[in-house]
Amino acid sequence: MTDTTALYVYALVPDRPGAADGVTGLDGRPLRLVAVAGTGVAALVHDGEPEPFQGGDEQVRRWGEEQSHAVTTVWERTGSALPMTFNVLVADEPPPGNGPGPGRGAEQRLTDWITSQASSLTNRLQELAGRCELRVEITLDRPAAPTTTPAQGTAATSATETRSPGMLRLLGKQRARNAAGELADTLHARVRHRLLSVAEDLRDRAPTQRTSDETHVLSAALLVRHEDVDAVGTVLSQTRAEQPASRVRFLGPWPPYSFADTEHRFQSDEVAGDPPRACPAMTE
């Protein structure tokens, strides 16, 4: 055991001796694995104080990148991971009120928790082995998208030919939005079906990028076997070819941040800072 006051936890991974060798985390801190005997599970950690990392937006962004890089490096070496959110700290147990001696150290508290959850943690790590996360965002470029069918266009012209130029512009923009919305709904159903034919799981996400002239179609995280990454790319290429107005953003592969089981978390009295849980976001 290391004499420390807290452990900053990056991820839970399969126990692979040496997998953290040479890997650094936040502010270049050296990382190590805390292996838990009899479980096959290890925690990727650095030793520190029980104080959360706090700073400005740029500093937090840099820390996020450092954490993501560290988790990705060890994930690639071990083949599976349950990443944690930013600022997950396990602290030393405070001394009992009137009892003799100190309470459990941070490492003992962490290993006790992993031991108590060993079966579910091991199962989830096995389920995620050989899998990665991909992020997909699809939008429609409204100016490039078809706004009406020929018949609709004729009817619209007849109905609006007496309107003022300003009103015509307003109506034109409204028709473009409505047409793009209908097209987006159709495209969403089609692409979602195709992606689920090559991905093991799909979880919707809030859109992260969209300009004022775009209509949202789909934003999702995909759980994909490494050998199926190219198949996802093929689906997206087909989408782009079939609908030239579509804009496709394809990110990854990454550790399965969105698919680490969120029930795997410490009890609130086991930590200083936020309870460990599946990381909902990563640096893009």
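**View 1. Span of helix 6 in the predicted model.** Helix 6 comprises 14 residues, 229-242.

**View 2. Buried and exposed residues of helix 6.** V229, V232, G233, V235, L236 and T239 are the buried residues of this helix. Seen down the helix axis, the buried residues fall within an arc of 160 degrees and therefore line one face of helix 6. An α-helix has 3.6 residues a turn, so residues three or four places apart point the same way. D230 and A241, on the other side of helix 6, are exposed.

**View 3. Helix 2 and the elements that cover its buried residues.** Within helix 2 (residues 106-116), the residues A106, E107, R109, L110, T111, W113 and I114 are buried. Their cover includes strand 1 (6-14), strand 2 (32-36), strand 3 (41-48) and strand 5 (88-91). Helix 3 (118-128) also contributes to this cover.

**View 4. Confidence along the protein chain.** The mean pLDDT of the chain is 83, and 75% of its residues reach 70 or more. Confidence is highest in strand 2, at 98, and lowest in strand 10 (residues 272-273), at a mean of 38. The pLDDT is below 50 over residues 149-159, a stretch with two contacts in the model beyond near neighbours in sequence. Residues 267-284 likewise have pLDDT below 50, but this stretch has 60 contacts beyond near neighbours in sequence. Where pLDDT is low, the predicted coordinates should not be read in detail.

Technical notes: Residues are numbered from 1 along each chain as its sequence is written. This is a predicted model: local features need pLDDT of at least 70, side-chain atom pairs count only at pLDDT 80 or more; totals for chains, interfaces and linings use all residues. Side-chain values use heavy atoms; hydrogens and water are left out. Buried means under 20% relative accessible area, exposed over 50%, partly exposed in between (1.4 Å probe, protein chains only). Helices (H or I, at least four residues) and strands (E, at least two) are DSSP runs, numbered from the N terminus. Contact means heavy atoms within 4.5 Å. The expected span of a helix is 1.5 Å times one less than its number of residues. The arc is that of the directions from the helix axis to the C-beta atoms. pLDDT is the predictor's confidence in each residue, from 0 to 100.
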